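Keep the sequence beside the model as you read.

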Amino acid sequence: MQISKRLGAAVALVTKNNRVADIGCDHAYTSIYLVENKIASKVIACDINKGPLQRAKENISRYGYSAIIETRLSDGAKKIAPGEVDTLLVSGMGGGLVVKILSDSKEVVESCSELILQPQSEIYLVRKYLHEIGYQITDENMVIDEGKYYVMMRATKADGHQRYSDEVCYQYGALLLKNKNEILYQFLNKEKGTYEGILHKLFKMQTEHSKKREDEVKQQLEYIVEGLRYYEM
């Protein structure tokens, strides 16, 4: 079973032999990969849509893993019982939806030893929410897949509530910055050029809306510049 580079990087964060809930499994390619490569001892493949879940069942059967991979029609992790899995894997969704899935199933989240998350957008919301519920990000990676940038993270329970003193760590990831991740460095430089171009256009417009947007862009540029300073240390 072949999976995308971004999913492969997310799956690489899963603790070996854990029981995994694959939330939003689609056609179950990731679930099959987890079992085929002896990463997970059991997988519960969940999806909110009947069509993809039926195709997931067919794929699982075709690969001969019906005894190890179970499918469930589920809105997020709502059909997972607390203590049933060790790893909650949520990938390929916006940050807001990832936070909703976690907040809608607090008992399940609490019972898991790890969360493997790969939000597609608003990643700072996910990082902030994890710290609010007493989780710490213990591993984080960033890859480029088909020209797009993706971040994946592993979170576990912390001894106390975690907070970053610097907003830039929520924006771009404390571990990625600390480890001077090369993909993040490339991303930050790309974003710097993009936002500087936007700011240049806004300067010319000088409307009420453009001035408000100008402040937002300046703030984001400050985060980018601050992030790039980590690479100068």
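In which loop is asparagine 17 found? Asparagine 17 sits in the loop between helix H1 (5-11) and strand E1 (18-23). Helices (H or I, at least four residues) and strands (E, at least two) are DSSP runs, numbered from the N terminus. The model is predicted, so local features need pLDDT of at least 70 and side-chain atom pairs count only at pLDDT 80 or more, while totals for chains, interfaces and linings use all residues. Residues are numbered from 1 along each chain as its sequence is written, and side-chain values use heavy atoms, with hydrogens and water left out.

Start with the backbone. Most residues other than glycine have a negative phi. Asparagine 17 has a positive one, near 75°. Asparagine 17 is exposed, at 53% relative accessible area. The scale is this: buried means under 20% relative accessible area, exposed over 50%, and partly exposed in between (1.4 Å probe, protein chains only). Aspartate 26 also has a positive phi, near 55°. Aspartate 26 lies in the loop between E1 and helix H2 (29-36). At 39% relative accessibility, aspartate 26 is partly exposed. Lysine 38 follows H2, and its phi is positive too, near 55°.

Now look at H2 itself. Its buried residues are Thr30, Ser31, Ile32, Leu34 and Val35. They pack against H1, E1, strand E2 (40-47), helix H3 (50-63), strand E3 (69-73) and strand E4 (87-93). Contact here means heavy atoms within 4.5 Å.

Next, the nonpolar interior. A nonpolar core is a set of buried Ala, Val, Leu, Ile, Met, Phe, Trp, Tyr and Cys residues joined through side-chain atoms within 4.5 Å. The largest has 51 residues, and Leu88, Leu115 and Leu130 have the most contacts inside it. H9 gives the largest share of this core, 6 residues. Another core lies apart from it, with 28 residues, among them Cys25, Ala28, Ile69 and Tyr150. What does leucine 130 touch, not counting residues up to four places away in sequence? Leucine 130 touches Leu102, Leu115, Leu117, Tyr135, Ile137, Met153 and Ala155.

Arginine 127 is found in helix H6 (residues 123-132). Its relative accessibility is 1%. Leaving aside neighbours within four places in sequence, its contacts include Ile137, Glu140, Met153, Cys169 and Tyr170. Cysteine 169 is buried as well, at 8%.

How many disulfides does a search of the whole structure find? The search finds 0, where a disulfide is a pair of cysteine sulfur atoms within 2.5 Å. Cysteine 112 is in none, and the nearest cysteine sulfur, that of cysteine 46, is 11 Å away. Cysteine 112 is buried, at 2% relative accessible area.

Turn to the charged pairs. A salt bridge is a side-chain nitrogen of Lys or Arg within 4 Å of a carboxyl oxygen of Asp or Glu. The count comes to 12. Glutamate 70 bridges to arginine 72 at 2.8 Å, N to O. Arginine 72 also meets glutamate 84, at 2.5 Å, N to O. Arginine 72 lies in strand E3 and glutamate 84 in the loop between E3 and E4, so this pair ties together parts that are 12 residues apart in sequence. Glutamate 70 is partly exposed, at 32%. Arginine 72 is buried at 16%, and glutamate 84 is buried at 19%. Elsewhere, arginine 213 bridges to glutamate 216, with the closest N and O atoms 3.3 Å apart. Both lie in helix H10, 3 residues apart, about one turn of the helix. Shared partners join Glu70, Arg72 and Glu84 into one salt-bridge network.

Finish with the rings. Rings of Phe, Tyr and Trp (its six-membered ring) pair if their centres lie within 6.5 Å; planes under 30 degrees apart count as stacked, over 60 as edge-to-face and the rest as tilted. There are 3 aromatic pairs. Tyrosine 185 and tyrosine 231 form a tilted one, 4.7 Å centre to centre with 45° between the planes. Tyrosine 185 lies in helix H9 (residues 182-205) and tyrosine 231 in the segment after helix H10 (208-229), so the pair ties together parts that are 46 residues apart in sequence. Tyrosine 185 is partly exposed, at 35%, whereas tyrosine 231 is buried, at 15%. Ring pairs also link Tyr149, Tyr172 and Phe187 into a cluster.
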